[in-house]
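Good morning, and thank you for coming.

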Amino acid sequence: MSVGLGLFGGTFDPIHAAHLRLARALRDELDLAEVRLTPAGDPYHRSEQPGANAAHRLAMVEAAIAGEPRLTVDDREVRRQRPAYTVETLEELRAELGPTEPLWLLIGGDSLATLDSWWRWEDLFGLANLAVALRPGFSVDALPAAVARHWQVRQVTDFPNQAASGTIRALTLPPVDVSATAIRARLQAGGPADGLVPDAVLAYIARHGLYR
Ligand code: ATP
């Protein structure tokens with residue numbers, strides 16, 4: 001029986017094919033009972049406003065995963081009335097899950113390289129395991145020394161790994177060259193985004209006139 005919860009946070013502005021691929025890989029490679037996509041709330045500085053507001057970004061994630069087994073949406077960072085820190089979201093989830101249920105946080109290799117800039121980053125390991133989606137050319141030598149130390153000590157490749165927290169595992173999926181930035185630019189220019197964004201999300205974007 002599948003156990004464990006995966007957390008995949010992002011701006012999802014909009015959610016696209018690479019995000020879905022990552023979420024599915026996390027679910028399937030670790031055989032998790034559930035993977036929650038967690039859209040970030042709106043930033044506090046107007047200059048950093050995303051292309052679509054949090055309510056739209058949340059609705060697009062819901063449309064993207066409708067009917068998809070064991071993928072769900074978690075809206076807690078959208079509802080939080082202040083900046084959301086990952087470590088706080090993990091603390092809330094850990095309190096809900098109890099101490100023994102495996103919890104996995106998915107991050108990209110790019111995020112791993114700056115992990116030591118996250119608020120209370122070393123507390124993450126007491127709360128969750130880390131699944132890292134690596135890009136080609138990844139090298140441990142490029143990591144800050146403190147992060148590299150965790151990478152070396154905590155890494156596991158065995159399957160199944162049922163640790164509640166504290167381990168690190170790389171996902172093995174090959175990269176896809178898709179980014180939300182490129183998709184927004186394409187939509188703004190009136191170009192097609194078929195295949196890059198799920199059809200249900202494209203329909204939502206058209207219905208609400210987003211990214212014009
Ligand atoms: P933007 O282009 O606006 O920065 P994005 O496509 O990177 O957006 P985010 O919502 O910021 O989307 O991404 C959430 C997470 O998914 C991040 O950790 C990011 O590294 C990862 N991610 C996004 N696109 C890809 C991709 N093509 N391959 C691997 N990881 C990706």
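The crossing of H2 and H9 is right-handed, a crossing being right-handed if the near helix is turned clockwise from the far one by less than a right angle, and left-handed if anticlockwise. This is a predicted model, in which local features need pLDDT of at least 70, side-chain atom pairs count only at pLDDT 80 or more, and totals for chains, interfaces and linings use all residues. Residues are numbered from 1 along each chain as its sequence is written, and side-chain values use heavy atoms, with hydrogens and water left out. Helices (H or I, at least four residues) and strands (E, at least two) are DSSP runs, numbered from the N terminus.

H2 packs against helix H9, residues 199–208, at an angle of about 145 degrees, their axes being 8 Å apart. Axes are lines fitted to C-alpha atoms, for helices over the stretch in contact, and angles between N-to-C directions run from 0 to 180 degrees. Contact means heavy atoms within 4.5 Å. H2 contributes His-56, Ala-59, Met-60, Ala-63 and Ala-64, while H9 contributes Ala-200, Val-201, Tyr-204, Ile-205 and His-208. By class, this contact has 8 nonpolar, 2 polar and no charged residues. Here Ala, Val, Leu, Ile, Met, Phe, Trp, Tyr, Cys and Pro count as nonpolar, Asp, Glu, Lys and Arg as charged, and the others, Gly among them, as polar.

H2, residues 54–65, also lies across S2 and S3, running at about 160 degrees to S3. What is the strand order of the open sheet? Its 6 strands follow the order S3-S2-S1-S4-S5-S6, with parallel pairing; two strands pair if DSSP finds at least two bridges between them. Strand S3 (71–73) and strand S6 (168–171) stand at the edges with a single partner strand each, so one side of each has no neighbour in the sheet. Strand S2, residues 34–39, is joined to S3 by 3 bridges, and Arg-36 stands opposite Thr-72 in S3.

Next, Leu-22, which lies in helix H1. Leaving aside neighbours within four places in sequence, Leu-22 is in contact with Phe-8, Leu-106, Ala-133, Leu-171 and Leu-173. The C-alpha atoms of Leu-22 and Ala-133 are separated by 7.5 Å, although the two are 111 residues apart along the chain.

Finally, the largest pocket is lined by 49 residues, with Phe-8, Gly-9, Gly-10, Thr-11 and Ser-111 nearest its centre. A pocket is an open set of points on a 1 Å grid over the protein atoms alone, where a 1.4 Å probe fits, with protein on both sides within 12 Å along at least five of seven lines; lining residues have an atom within 4 Å of a point. The lining has 27 nonpolar, 13 polar and 9 charged residues.
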